[in-house]
Amino acid sequence: MGFLDHLSELCEFHRGTSRRKLSKLRRNQLETVEIRVKMDCEGCERRVRKSVEGMRGVTKVEVEPKKHKLTVIGYVDPDKVLRRVRYRTGKKAEFWPYVPYDLVDHPYVRGVYDKKAPAGYVRNVYDNPQVSNLARASSTEVNYITAFSDENPQACMIM
């Protein structure tokens with residue numbers, strides 16, 4: 001923030017809102033919040049959508065009932081969105097714990113593979129330190145794997 005921004009904030013007058021509230025709203029950055037909520041029917045989907053649509057700062061709400069995924073885009077706090085979904089729907093909600101299986105080095109290791117995950121997704125290993133080290137590949141493993149890969153044109157010369 002520069003001097004002119006600071007000066008313009010001092011000179012602005014708004015009816016009904018204090019300067020403190022306005023500065024708090026401006027501090028929030030554009031966030032994409034992904035939440036996993038179990039949805040069985042259209043009623044559940046409607047309830048989940050309505051729980052966050054009226055929230056201040058929300059610009060877009062997307063619901064994917066087959067993946068049990070709610071995506072909220074806007075100038076919001078992720079923790080507040082999660083608490084609001086839990087309170088308004090009465091359902092168990094958590095932040096989206098999955099990533100595409102292409103991003104994980106060993107997607108079928110215990111602790112990474114999840115039967116309940118949507119197709120093409122596995123648990124996020126890099127954010128969770130409790131998952132075994134087998135899920136994270138070391139540089140020597142990567143070298144061995146790529147040396148004998150079909151995609152490596154030099155693989156026939158090694159064998």
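These notebook entries record what I looked up in the structure above.

**Entry 1. The model**

I noted that this is a predicted model, in which local features need pLDDT of at least 70, side-chain atom pairs count only at pLDDT 80 or more, and totals for chains, interfaces and linings use all residues. Residues are numbered from 1 along each chain as its sequence is written, and side-chain values use heavy atoms, with hydrogens and water left out.

**Entry 2. Cysteines**

How many disulfides does the structure hold? I found zero disulfides, a disulfide being a pair of cysteine sulfur atoms within 2.5 Å. In general, such a link is a covalent bond between the sulfur atoms of two cysteines.

I then looked at Cys 41, which is in no disulfide; its nearest cysteine sulfur belongs to Cys 44 and is 3.6 Å away.

Cys 44 is buried at 11%, whereas Cys 41 is partly exposed at 43%.

**Entry 3. Salt bridges**

I searched the whole structure and found five salt bridges. The term stands for a side-chain nitrogen of Lys or Arg within 4 Å of a carboxyl oxygen of Asp or Glu. In general, side chains of opposite charge can pair when their charged atoms come close.

One of the salt bridges joins Glu 34 to Lys 69, with the closest N and O atoms 3.4 Å apart. Glu 34 lies in strand β1 (residues 31–37) and Lys 69 in strand β3 (residues 69–74), so the pair ties together parts that are 35 residues apart in sequence. Strands here are DSSP runs (E, at least two residues), numbered from the N terminus. Is Lys 69 buried or exposed? Lys 69 is buried, at 7% relative accessibility, while Glu 34 is partly exposed at 31%.

I next recorded the salt bridge between Glu 94 and Arg 36, where the closest N and O atoms are 3.1 Å apart. This pair links distant parts of the chain, since Glu 94 is in strand β4 (residues 93–95) and Arg 36 in strand β1, 58 residues apart. Glu 94 is partly exposed at 24%, and Arg 36 is partly exposed at 22%.

Lys 67 and Glu 64 also meet through their side chains in a salt bridge, at 3.6 Å from N to O. Lys 67 is partly exposed, with a relative accessible area of 28%.

**Entry 4. Lys 116**

Where does Lys 116 lie? I located Lys 116 in the loop between β5 (98–100) and β6 (121–123). Lys 116 is exposed, with a relative accessible area of 67%. The C-alpha atoms of Lys 116 and Lys 67 are separated by 9.7 Å, although the two residues are 49 apart along the chain.

**Entry 5. Surface patches**

I noted that Lys 116 belongs to a positive surface patch with Lys 38, Arg 86 and Lys 92. Patches are made of residues with over 30% relative accessible area and no salt bridge; like charges are joined within 9 Å, and nonpolar side chains (Val, Leu, Ile, Met, Phe, Trp, Tyr) within 5 Å. Lys and Arg count as positive, and the place of the charge is NZ of Lys or CZ of Arg.

Which residues make the nonpolar surface patch of about 400 Å²? Tyr 101, Tyr 108 and Tyr 113 make this patch, and accessible areas come from the Shrake-Rupley method with a 1.4 Å probe. Tyr 101 is in the loop between β5 and β6 and is partly exposed at 41%.

How values were computed. Helix = DSSP H or I, 4+ residues; strand = E, 2+ residues; numbered from the N terminus. Buried < 20%, exposed > 50% of the residue type's maximum accessible area, 1.4 Å probe, protein only.
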